[in-house]
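Student: I would like to learn how to read a ligand site. Can we go through an example?

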Amino acid sequence: MTRVAVNGVTGQMGGAVIEAATDSEVVVGFATSDTNAVDGVPVVDLADAAEALREYDVDVVVDFAVPEGALTVAEACVEAGVSMVVGTTGFDEDGMASLRDASEEVPLLKATNFSQGIQVLQRLVSEAVGTLDDYDLELMETHHNRKVDAPSGTANSILDVIQEERDVEPVYGREGHAPRDDDEIGVFARRAGDIRGEHELVLAGNDEVLSLSHRAEDRGVFAAGALDAATWLVGCDAGWYEFGDVVDA
Ligand SMILES: NC(=O)c1ccc[n+]([C@@H]2O[C@H](COP(=O)([O-])OP(=O)(O)OC[C@H]3O[C@@H](n4cnc5c(N)ncnc54)[C@H](O)[C@@H]3O)[C@@H](O)[C@H]2O)c1
Ligand SMILES: O=C(O)C1=N[C@H](C(=O)O)CCC1
């Protein structure tokens with residue numbers, strides 16, 4: 001059974017991973033608070049992660065925290081020779097470079113969204129934007145009122161897919177009085193309630209509108225995908241991997 005450590009174990013996703021772990025075992029969690037345990041899982045201070053990875057014989061870390069914490073754990077994974085699944089979003093360029101460096105030493109799999117549906121949505125977006133190459137594009141995402149990064153990592157990943165097909169200029173929100181440029185893509189982030197995650201791309205032109213959308217109904221979809229990725233990653237060679245590799249396996 002795969003032995004998993006959870007970074008961000010006291011968070012919403014940390015709890016979802018513990019709940020979803022049936023075919024793997026969460027043996028330890030990392031946090032910055034003075035929590036001793038979460039749902040019976042012992043919690044270790046993030047500063048002691050490298051030692052804990054060895055002590056608990058961890059196969060892979062599943063990370064859902066903040067970029068600063070994820071990078072600390074990535075260093076611990078390199079020190080201890082442990083694989084890492086990165087679910088945290090909101091990394092800057094330097095943070096992404098640090099993760100790439102870590103993947104030179106250990107297997108590292110990063111995904112902004114661990115639902116299979118979003119993987120399929122991104123493939124549909126690529127096909128639609130490539131075919132309807134002169135339609136106006138607008139992107140919306142909606143998440144719970146505790147989410148601190150905007151737009152969502154998933155929205156940024158969808159933008160990356162679109163950029164591979166068309167040279168678009170993101171406009172984050174709109175106000176004032178100005179015409180819409182043809183190469184614009186409006187990007188809108190809504191935060192309300194405990195909405196788990198909704199994403200919609202609208203393609204409009206030629207007297208028609210195509211809408212491609214996805215709604216996550218429970219954090220369990222992300223937790224299950226991350227745990228599937230974790231089990232898949234153990235035993236891989238050091239390198240950079242993505243969730244599409246798991247979905248296609
Ligand atoms: N990839 C995906 O499928 C997916 C799905 C859901 C959430 N996420 C991402 O996972 C992350 C966590 O989401 P959440 O809803 O669980 O958030 P949360 O706020 O509930 O949990 C964040 C966790 O990080 C910890 N933390 C805060 N500051 C820290 C620091 N400086 N160092 C170490 N740990 C720190 C908190 O104690 C908490 O345990 C976010 O970046 C979110 O976008 C990704
Ligand atoms: O709840 C969150 O926070 C989520 N974050 C990811 C993102 O930023 O895209 C995935 C969806 C849920």
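The dialogue below covers the surroundings of the two ligands.

Tutor: This is a predicted model, where local features need pLDDT of at least 70, side-chain atom pairs count only at pLDDT 80 or more, and totals for chains, interfaces and linings use all residues. Residues are numbered from 1 along each chain as its sequence is written, chains are lettered from A and ligands numbered from 1 in the order in which they are written, and side-chain values use heavy atoms, without hydrogens and water.

Student: How many residues surround ligand 1?

Tutor: A residue is near a molecule if one of its heavy atoms lies within 4 Å of it. For ligand 1 there are 23, and the closest are T10, Q12, M13, T89 and F114.

Student: Which domains supply the shell around ligand 1?

Tutor: Domain bounds come from an automatic or database domain assignment. Domain 1 (2–114 + 219–248) and domain 2 (116–215) each give at least three residues to that shell.

Student: Which atom of Q12 lies 2.8 Å from an oxygen atom of ligand 1?

Tutor: A polar contact with a ligand is a pair of N or O atoms within 3.5 Å. Here Q12 uses a backbone N or O atom.

Student: What surrounds ligand 2?

Tutor: Its surroundings include T89, H144, G153 and R196. An oxygen atom of ligand 2 is 2.9 Å from a polar side-chain atom of H144, and a backbone N or O atom of G153 also lies 2.9 Å from an oxygen atom of ligand 2.

Notes
Polar contact = N/O pair within 3.5 Å; in protein donor to acceptor, adjacent residues only side chain to side chain.
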